[in-house]
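Please open the model in your viewer and keep the selection tool at hand. The stops below go from a sheet to a set of charged pairs.

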Amino acid sequence: MLAGLLATIGSGIAGAAAADPLAILDRNGSVVTVTPYGPNIVHVSIALDKAQATAAPGYGVIGTPQPQGWRHTADANGDTFASSDLTVTVAAQPWPKAPSQMERYFAPSLPPVSISFAGPGGRALTRMTGWSMAPHSVNGEKTFEAGTSFADTRDTHYYGLGQNQEGQLDLRGRTVDCRHWYDAPAGEQVCVPFLVTDQGYGIVWDNPSATTVSAGIHNATRIASEVGERVSFFLIAGRSADDLYAGYRRLTGETPLPPKAAFGLIQSKARYESQQELLGIADGYRTRGYPLDIMVLDWFYWTRMGQIDIDRTYFPDPKAMNDQLHGQGMHSIISVWPRFERESRYYNELAAKGLLLHDSDGKPVDGLPFRADRAGALIDSTNPAARTWFWNTVRDNILSQGFDYLWLDETEPDLVPDGFQYSIGSGDRYHNLFPLVHTMGVADGAARDRPGVRNLILARAAYLGAQRSGAIFWTSDVQATWEALQRQIPANLNMAASGIAYTGSDTGGWQYPNGPKALHAPLVDPAGATAMNPGYADYPELFVRWFQYNTLSPTLRIHGQRPGTAIWEYGKAAEPILATWLRLRYALIPYLYALGRTTYMTGAPFMRALWMDFPDDARVRTIGDEYMLGSAMLVAPVTEQGAIRRSVYLPAGSDWYDWWTGEKQAGGRTIDAAAPIDRIPVFVKAGSIVPLGAQVPNTATAQRLEKIRVYPGRDASFTLYDDDGVTNDYKTGKGRSTVLRWDEASGRLTASGKLPTGQSLDGLVEVVGR
């Protein structure tokens, strides 16, 4: 296990070699190490074996220990480690007495360990109350189920752990199966083992095997992983939610600023059958005057799975196709899969070199043992040689044809590794690791061979640190139903709460739209729609509501398995509504792009559950159908068929302005908001600045500011930011930024310098309500 981990050091995938902890403690045979990674971050490792307890953190963690400012004291109560932001006390444990008769049957075998954590001023955060190592055999390997438990309070609420589509934001009272699982009944699960609370702390669980988390059940939160020889976790403390994400960034890496094109419309379909069809859709947007940035070529453009080629029968000149898109200011994404059919040209080479997932006899695993998808072996991206081979081959065969960015599909992976072997160990031990190593292999190759090009990857699963790859993630192949739309909001919010800022969904759902009969008369006339089964009369309404939601989320991408997906293919009634919302998306790009840059600088997501920004309002802690988009905009999507109003809670501590009417509402109450089919409820927090851009055909066109809206009520600031949108120069400070400040007392907006567009504030400022 450790040999496999150390083989990847220096690749940007695993952390550095083990550093000396602040202390190595012995609690009657339990070895405990405490290692600070900053003033508000501590790594705790517990094992019976000292070598295990002192081993480096696992995959995904790239931060280095930072013991500066920490002090260690010891007394009869135990060992205390303290900084300005965090105090950790490992309780002293008396020599165990002889067990009673009852304890001989039920007492745990491990020497007990108890660790308490407190924030600034000594405020109690949580306490690790115990740990466990239950021996068992997994995939032929003698190992342990490794776990621990933390004390709970009734007012603690839990979030994160990746993507779960069961429809709830707050994880309290639930048991979460934290493993990548494409076939999860509610929609694909993705495990990012970062459990965040509203009580000023989060726990990064350092184990990539399948993990079970029971949050706040019977006065405890319990975490257990299927395979492990130690307990290893990080606790991050913070005065605010953003402090937790700054800590996560320090541990697992930054979230790069995507190319500006990723903030525009990404148009896809499963699938465009030919070069002519794809270019026809791009031309359709251009001739209709609708903005568009990226065209996507999905799967089966190849001749066989694993050929890594382009079928020239249907795509006779992909280089010319991309040249035409580029000439229109557009970019392209192409899907590349990690599987290889036996008949494909690379299968024998990869098998001979041991670069495929294999069984215990070394035989490559071919196809899935379930469903009807049985073709192909999985490239073993835990192997550095496999990652290098994959990138080089895709670069030479695919990207050389002018494609800009890659879609790495099946990153769960879809071919489940349990029971099989990776190069670094069993698929069970590393069940959740594949999306990190696979996307980072491409990111590392792109950084090496295309240093002047800002990387973008579309990916279907994540793990700790996967945000470093430049990937944007989505909720996989969800159903095209109202129920699926409802589930997307809490799923996206918990993914964002897990430190994965760029999360989204296929607008309209991926599965073929053939939903149940509408309960109410459709609000959008389906006449002229070609995107669905004719009997699904309310599908254009569903698509409109889904498009409205995704317009006000980190990424806007249309995709799906249906005859047509472009915005004019949902009928004559839907098209003008969709066009209006598409133009709103482009008007908001100056706001969204600035938010993306802030995420790069801080690690904090900009699609935010309400608990992140309103910690003093207990009513927001379980709200999973509203969210903040940045610090200004509260979004309340409509997810009920036939609804023209919806209940919206406006958090306490602020007044709120209706985005559409400018009417001011008091916070701390629930209102009945209008939601006609052409809009969803959107409110802006008093004391906000929202820049709006002029309409452009795509982000390749320089976008001037059309107006800067000020929502008064208190002093406010907003940092405008712009750059070339395509290179990595932003990392060396070559972008342009200006701080806008609103002074409530004087009623005046000022700028710290020249606006990034070169414009003056004169004539741009619009003060809402005045």
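In which sense do E29 and strand E30 pair, and over how many bridges? Select E29 and residues 627-629, which form strand E30: the two pair in the antiparallel sense over 2 bridges. Strands (E, at least two residues) and helices (H or I, at least four) are DSSP runs numbered from the N terminus, and two strands count as paired if DSSP finds at least two bridges between them.

Before moving on, note that this is a predicted model, in which local features need pLDDT of at least 70 and side-chain atom pairs count only at pLDDT 80 or more, whereas totals for chains, interfaces and linings use all residues. Residues are numbered from 1 along each chain as its sequence is written, and side-chain values use heavy atoms, with hydrogens and water left out.

Within the pair, pick Met607, whose bridge partner in E30 is Leu629. Then widen the selection to the open sheet of 6 strands, which has the order E29-E30-E31-E36-E33-E34 with antiparallel pairing. Strand E29 (607-608) and strand E34 (664-666) stand at its edges, and because each has a single partner strand, one side of each is left without a neighbour in the sheet.

Next, select Arg174 in strand E11 (residues 174-178). Arg174 counts as buried at 9% relative accessibility, where buried means under 20% relative accessible area, exposed over 50% and partly exposed in between (1.4 Å probe, protein chains only). Leaving aside residues up to four places away in sequence, Arg174 touches Asn164, Glu166, Gln168, Val213, Ser214, Ala215 and Ile217, a contact being heavy atoms within 4.5 Å.

Turn now to the charged pairs. The structure holds 41 salt bridges, each a side-chain nitrogen of Lys or Arg within 4 Å of a carboxyl oxygen of Asp or Glu.

Select Arg230 and Asp206, whose side chains meet in a salt bridge (3.5 Å, N to O). This pair links distant parts of the chain, 24 residues apart, with Arg230 in the loop between strand E15 (220-228) and strand E16 (231-237) and Asp206 in the loop between strand E13 (201-205) and strand E14 (211-217). Arg230 is buried at 12%, and Asp206 is buried at 8%.

Being 3 residues apart in helix H5 (residues 275-288), Arg286 and Asp283 are separated by about one helical turn. Arg286 is partly exposed at 49%, and Asp283 is partly exposed at 22%.
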